[in-house]
Amino acid sequence: MDLRDIALRDIEIFLTASEELHFGRAAGRLYLSQARVSQVIRKLENQVGGKLFDRSGRSVALTPIGRQLFTDLQTNYRDLCASLGRAARSARYGDDGLLRIGVTSSSLAEIRPLLNTVQARHPNCSLHIEHVHFGNPFGALRADEIDVLVSWLPIEESDLTVGPVLYEEPFMLLVAADHPLAKRESASYEDLADYGVCGAGTDPADPPPDYWQSAAAPFATPSGRTISRTAYADTFQDMLMLVASGKTISPVHAHAALHYRRPDVVYLPMPDAPPARWCLIWRRGGETGLIRELTAAAIELSRPV
């Protein structure tokens with residue numbers, strides 16, 4: 001197979017068709033004609049020397065060769081696009097560059113000292129802050145829409161690097177003001193099993209990892225009782241409305257009680273919940289000089305004076 005005949009666009013078309021398993025939908029995502037998608041797939045199959053898709057009847061499925069090629073190409077394609085993006089940003093912003101920071105938290109107060117430190121050391125660096133919804137916590141990082149993410153631990157993704165812990169904070173239980181728990185002085189994990197909680201992510205085909213969700217809202221109590229999901233949300237604002245309307249309850253990070261106080265909700269301490277640990281995360285192989293500077297500053301600020 002002559003690799004010189006394969007264009008980056010061809011790889012993108014193959015990966016999109018593999019995700020959609022429908023040439024028409026893949027064409028729509030890429031703003032191409034379905035005929036163009038089919039043409040590229042035939043070209044790749046001729047170059048590989050075997051079928052990549054089983055197109056029997058109306059269904060489309062990857063063949064074993066196609067699945068292997070999809071697995072091999074997916075990460076490499078993302079890495080290549082990220083490298084080209086970093087080069088373009090360096091050309092545009094110069095040596096100090098651009099640092100795009102995503103935050104899953106609904107508050108910047110906890111990382112403000114870190115941002116101020118990096119900005120003071122690199123006054124010409126452009127810091128762009130993006131809010132990342134917990135319905136798709138790692139998507140922006142993988143799509144190279146941000147360079148580094150501030151999110152809670154644990155992170156067990158093979159393509160992501162976990163940096164230093166920035167801070168810790170307790171959990172509180174968010175309930176409606178007229179909820180039966182609202183008059184209590186505190187709540188526990190066992191209470192969650194009695195009522196169910198709000199789940200993260202509204203797309204059942206692509207939910208956040210269970211282990212990551214469980215760190216905020218477990219799927220079982222310490223005694224083994226199931227904690228069901230009674231509603232789902234992608235954003236804190238959506239979850240807040242679901243809770244205020246009495247449709248669900250949810251453990252939340254303590255900073256929410258400072259920034260999202262309302263007369264129709266109550267925040268209860270959760271003494272049995274371990275604290276949330278927030279850290280820096282970036283794409284494996286995507287570390288830049290500015291990310292190293294950010295990491296070093298985070299370590300310095302975490303040391304006792």
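**Reading strands, helices and cores**

Reader: Which residue in β12 is the bridge partner of V150?

Author: L280 of β12 is the bridge partner of V150. This is a predicted model, where local features need pLDDT of at least 70 and side-chain atom pairs count only at pLDDT 80 or more, while totals for chains, interfaces and linings use all residues. Residues are numbered from 1 along each chain as its sequence is written, and side-chain values use heavy atoms, without hydrogens and water.

Reader: How many bridges join β5 to β12, and in which sense do they run?

Author: Five bridges join β5 to strand β12, residues 276-283, and the two run antiparallel. Strands are DSSP runs of E (at least two residues), helices are runs of H or I (at least four), and both are numbered from the N terminus. Two strands pair if DSSP finds at least two bridges between them. β5 also pairs with strand β3, residues 98-103, in the parallel sense over three bridges. There, V150 of β5 is the bridge partner of V103.

Reader: Where do the side chains of β5 point?

Author: In a regular strand, side chains alternate between the two faces of the sheet. In β5, V148, V150 and W152 point one way, and L149 and S151 point the other way. All of these are buried (under 20% relative accessible area; exposed is over 50%, partly exposed in between, with a 1.4 Å probe and protein chains only). Five of the five residues of β5 are buried, so the strand is largely enclosed by the rest of the structure.

Reader: Which residues other than glycine have a positive phi?

Author: Most residues other than glycine have a negative phi, and most peptide bonds are trans. L21 has a positive phi, near 50 degrees. L21 is in the loop between α1 and α2 (23-30), and is partly exposed at 34% relative accessible area. Y31 also has a positive phi, about 60 degrees. Y31 lies in the loop between α2 and α3. At 75% relative accessibility, Y31 counts as exposed.

Reader: How do α1 and α3 cross?

Author: Two packed helices are described by the angle and the distance between their axes. The axes of α1 (residues 8-20) and α3 (residues 34-48) come within 10 Å and cross at roughly 105 degrees. That makes α1 roughly perpendicular to α3 (65 to 115 degrees; under 35 is roughly parallel, over 145 roughly antiparallel, the rest oblique). From α1, the contact uses D10, I13, F14 and A17; from α3, it uses R36, V37, V40, I41, K43 and L44. Seven of the contact residues are nonpolar, none is polar and three are charged.

Reader: What is the order of strands in the open sheet of three?

Author: The order is β10-β7-β11, with antiparallel pairing. The edge strands are β10 (250-253) and β11 (265-269), each pairing on one side only. Five bridges join β7, residues 171-176, to β11. In that pair, L173 stands opposite L268. Helix α9, residues 236-244, lies across β7, β10 and β11.

Reader: Which residues have the most contacts inside the largest nonpolar core?

Author: They are L173, F236, M239 and Y267, in a core of 71 residues. Such a core is a set of buried Ala, Val, Leu, Ile, Met, Phe, Trp, Tyr and Cys residues joined through side-chain atoms within 4.5 Å. Not counting residues up to four places away in sequence, M239 touches F134, L174, C198, A233, S250 and V252. A second, separate core has 19 residues, including F14, F23, A26 and V60. F14 also belongs to the contact of α1 with α3.

Methods: Axes fitted to C-alpha atoms, helices over the stretch in contact; angles between N-to-C directions. Contact = heavy atoms within 4.5 Å. Nonpolar A, V, L, I, M, F, W, Y, C, P; charged D, E, K, R; others polar.
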